Amino acid sequence: MQKDRISRAIADIRGSEEYPRLCGFVSFRQEVKGVLVTAKISGLPQTEHNVFAFHVHSGDNCGGTDKEPFPLSDGHYNPDKSPHPDHRGDLPPLFSCRGIAYMSVLTDRFTVKEIVGRTIIIHIRPDDFMSQPAGNSGKKIACGKILPCH
């Protein structure tokens with residue numbers, strides 16, 4: 001399938017070594033008015049707020065180590081070099097209910113075509129949507145590479 005014709009993509013989410021039970025998927029479907037992003041995640045850790053930052057990152061790899069999970073995912077997808085929270089990869093947070101989060105949102109910040117090959121990250125804390133450069137969202141706890149659906 002040619003990249004310019006991609007209308008759907010999916011990311012298989014896996015937790016870091018510290019959070020091996022964290023898993024799920026994020027799907028992306030191109031609609032007329034934007035991209036429908038749907039996430040179903042389980043195994044989220046119990047935290048103070050049970051709210052987790054959720055972003056498309058510019059890197060193309062979920063590689064890393066236990067001490068530094070997912071460094072190759074790079075930072076927020078931000079091709080316009082905008083200040084936070086205007087990064088094109090910024091998404092609403094995930095709200096955990098007993099370790100499970102389900103969320104669906106329509107966004108016009110990116111197209112499916114432009115995010116294929118990038119990564120999606122879940123952070124340990126909620127995004128404050130103010131702090132630079134990443135909203136004080138804390139360490140990366142899960143990652144998935146965004147791949148086209150055939």
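With a relative accessible area of 25%, Cys62 is partly exposed, and in this predicted model its disulfide partner is Cys143, the two sulfur atoms lying 1.9 Å apart. The structure holds one disulfide, and the torsion about its S-S bond is about -70°, so the bridge between Cys62 and Cys143 is left-handed. Cys62 sits in the loop between strand E5 (54-57) and strand E6 (94-95), whereas Cys143 belongs to strand E9 (residues 140-148), so the bond ties together parts of the sequence that are 81 residues apart.

Cys23 takes part in no disulfide, and its nearest cysteine sulfur, that of Cys62, is 14 Å away. For Cys149 the closest cysteine sulfur is likewise in Cys62, at 16 Å, which is too far for a bond, because a disulfide requires sulfur atoms within 2.5 Å.

| Residue | Relative accessible area | Class |
|---|---|---|
| Cys23 | 25% | partly exposed |
| Cys62 | 25% | partly exposed |
| Cys143 | 2% | buried |
| Cys149 | 19% | buried |

The ring centres of Phe28 and Phe110 are 6.5 Å apart and their planes meet at 65°, so the pair is edge-to-face. Phe28 counts as buried at 1% relative accessibility, and Phe110 counts as buried at 3%.

Technical notes
Residues are numbered from 1 along each chain as its sequence is written. This is a predicted model: local features need pLDDT of at least 70, side-chain atom pairs count only at pLDDT 80 or more; totals for chains, interfaces and linings use all residues. Side-chain values use heavy atoms; hydrogens and water are left out. Rings of Phe, Tyr and Trp (its six-membered ring) pair if their centres lie within 6.5 Å; planes under 30 degrees apart count as stacked, over 60 as edge-to-face and the rest as tilted. Buried means under 20% relative accessible area, exposed over 50%, partly exposed in between (1.4 Å probe, protein chains only). Helices (H or I, at least four residues) and strands (E, at least two) are DSSP runs, numbered from the N terminus.
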